[in-house]
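Open the structure in your viewer and keep the selection tool at hand. The tour below goes from stop to stop.

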Amino acid sequence: MDFAFTDTQNELAERVGKFAQARIAPHTRQSDARGSYRPGLLAELGAEGLFALRVPREYGGRELDTVSTGIALAELAAADLSVCFPVLNAALVGGVLAANGTPAQLAEWLPPIASGQAIVALALTEPTHGTDAANIEMRAEPDGDGWVLTGEKTSIMAAVYATHALVFARTGEAGAHGVTAFYVHLDAAHVEREQLTDLGCRSGGRGRLVFDGLPVGTRDVVGAPGRGFVEVMRGFAVSRAYISLMAVAVGRAALDEAIGHAGRREAFGQPIGRFQSVAFPLVEHATMLHAARLVSYEALCVADAGGDPRLPANMAKWWAPKAAVEAVHQALLTFGHLGWTEEGPIAQRLRDVIGLQLADGTAAATKLTVARKLLGRHAAP
Ligand SMILES: Cc1cc2nc3c(=O)[nH]c(=O)nc-3n(C[C@H](O)[C@H](O)[C@H](O)COP(=O)(O)OP(=O)(O)OC[C@H]3O[C@@H](n4cnc5c(N)ncnc54)[C@H](O)[C@@H]3O)c2cc1C
């Protein structure tokens with residue numbers, strides 16, 4: 001067992017960390033207040049190769065392992081959680097397309113994702129189907145040799161920035177087996193967008209995508225018709241570990257700020273860190289985040305070794321965002337009234353990180369997966 005990153009992974013962490021602190025962190029508050037990324041940010045992320053992480057080299061990508069991808073996402077999250085989402089989407093969708101596309105599809109789809117010319121969204125959730133995503137209702141109605149997509153997707157991160165989306169729609173019977181995945185260009189003539197007004201991650205562009213008869217053909221199908229949910233979705237198994245690492249990074253950043261404050265702020269003639277009631281909660285949250293980080297990386301290590309990451313990834317996903325929310329909350333209390341104001345970084349981190357308790361499945365959804373693995377389907381909820 002080896003808990004160390006490789007030299008290459010450490011270099012990646014250093015490089016992305018420096019970029020994030022120089023080019024993202026100084027703009028975090030303004031982007032949040034404006035509800036959008038600063039102009040030019042997406043192009044800079046592309047130039048840094050951050051959309052190319054999981055795209056194979058032959059299509060212009062960096063073909064990194066999932067551990068390295070988690071490292072890069074964590075560095076971005078520490079600077080501004082909102083910035084992670086288009087990078088996360090490119091890693092997930094790029095990886096899924098690479099695993100399921102034909103050579104002709106990959107040659108067309110992947111180079112623009114790697115370069116950042118194509119910004120991708122993952123469009124699964126609908127107004128009436130989130131946790132029960134297998135029952136989505138968006139229709140792909142037969143039309144000549146192809147289909148037309150009609151219906152609404154909502155809560156789609158980066159919806160306002162995306163040029164393309166991996167869209168799940170119903171081509172057949174009820175339930176998971178009637179769902180097909182399509183990789184589509186979000187043509188303004190057939191797709192309306194609306195940004196949602198959120199508690200946190202306000203510059204991340206979460207929104208609604210309303211499809212009004214978008215024509216799609218067999219060349220847009222990812223995998224096979226009817227296999228979108230049962231096969232293509234399998235490629236997203238590591239997503240929950242990535243999101244857990246993003247949550248841990250937000251929690252750690254807030255704790256670091258609180259630890260610094262505990263050494264500087266004096267009360268009753270001494271640094272507040274000398275009070276056990278200040279220091280010990282920080283120790284407890286640092287411990288929880290450390291452990292949550294290890295479970296998350298364990299999931300990615302398993303995936304990189306060709307194994308099934310679902311058990312540790314789902315354990316991480318119910319726990320890490322909760323641990324992060326609690327850690328940021330404690331950091332806020334450590335700052336006293338200085339933590340309560342939007343003038344400091346902690347309030348925004350708290351608003352932002354709560355979203356990760358919902359994104360890609362609630363704690364209940366992930367515990368269901370863990371329960372089925374631990375207890376067996378016959379004995380689990
Ligand atoms: C920040 C953020 C980013 C997101 N990004 C995307 C994205 O890019 N693309 C996308 O498609 N979606 C995205 N989502 C949507 C997200 O995947 C859903 O919010 C999530 O799957 C939960 O679905 P829901 O919100 O419809 O809640 P519901 O399914 O309505 O659940 C409501 C409550 O009931 C509980 N519940 C539901 N079913 C069960 C059950 N069987 N057992 C026990 N409890 C249950 C849930 O835990 C929850 O507490 C995002 C959401 C957020 C907040």
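This is a predicted model: local features need pLDDT of at least 70, side-chain atom pairs count only at pLDDT 80 or more; totals for chains, interfaces and linings use all residues.

Residues are numbered from 1 along each chain as its sequence is written, and side-chain values use heavy atoms, with hydrogens and water left out.

**Stop 1: the ligand**

Show distances next. A backbone N or O atom of L122 is 2.7 Å from a nitrogen atom of the ligand, and a polar side-chain atom of T125 is also 2.7 Å from a nitrogen atom of the ligand. At T131, a polar side-chain atom lies 2.6 Å from an oxygen atom of the ligand. The ligand taken alone exposes 980 Å², and the protein buries 62% of that (accessible areas by the Shrake-Rupley method with a 1.4 Å probe).

Now colour by domain (bounds from an automatic or database domain assignment).

**Stop 2**

Select D2, F3, A4, Y297 and C301. The second largest pocket holds about 420 Å³ of space, and of its 16 lining residues these five are the closest to its centre: D2, F3, A4, Y297 and C301. On a 1 Å grid over the protein atoms alone, a pocket is an open set of points with protein on both sides within 12 Å along at least five of seven lines; a cavity is a set where a 1.4 Å probe fits but cannot get out; lining residues have an atom within 4 Å of a point. A volume is the space filled by probe spheres set on the points, which are joined across faces, edges and corners.

Domain 1 (7-118) and domain 3 (237-375) both contribute to the lining of the second largest pocket, so this pocket lies between them.

**Stop 3: the cavities**

How many cavities of 30 Å³ or more does a search of the whole structure find? The search finds two. For the largest cavity, select R23, I24, H27, S31, Y37, R38, L41, D80 and V83, which line it. Its volume is about 50 Å³.

For the second largest cavity, select the lining residues L12, R15, V16, E48, L50 and R62. This cavity has a volume of about 30 Å³.

Methods. A polar contact is a pair of N or O atoms within 3.5 Å; within protein, one must be able to donate a hydrogen and the other to accept it, and residues adjacent in sequence count only if both atoms are side-chain atoms.
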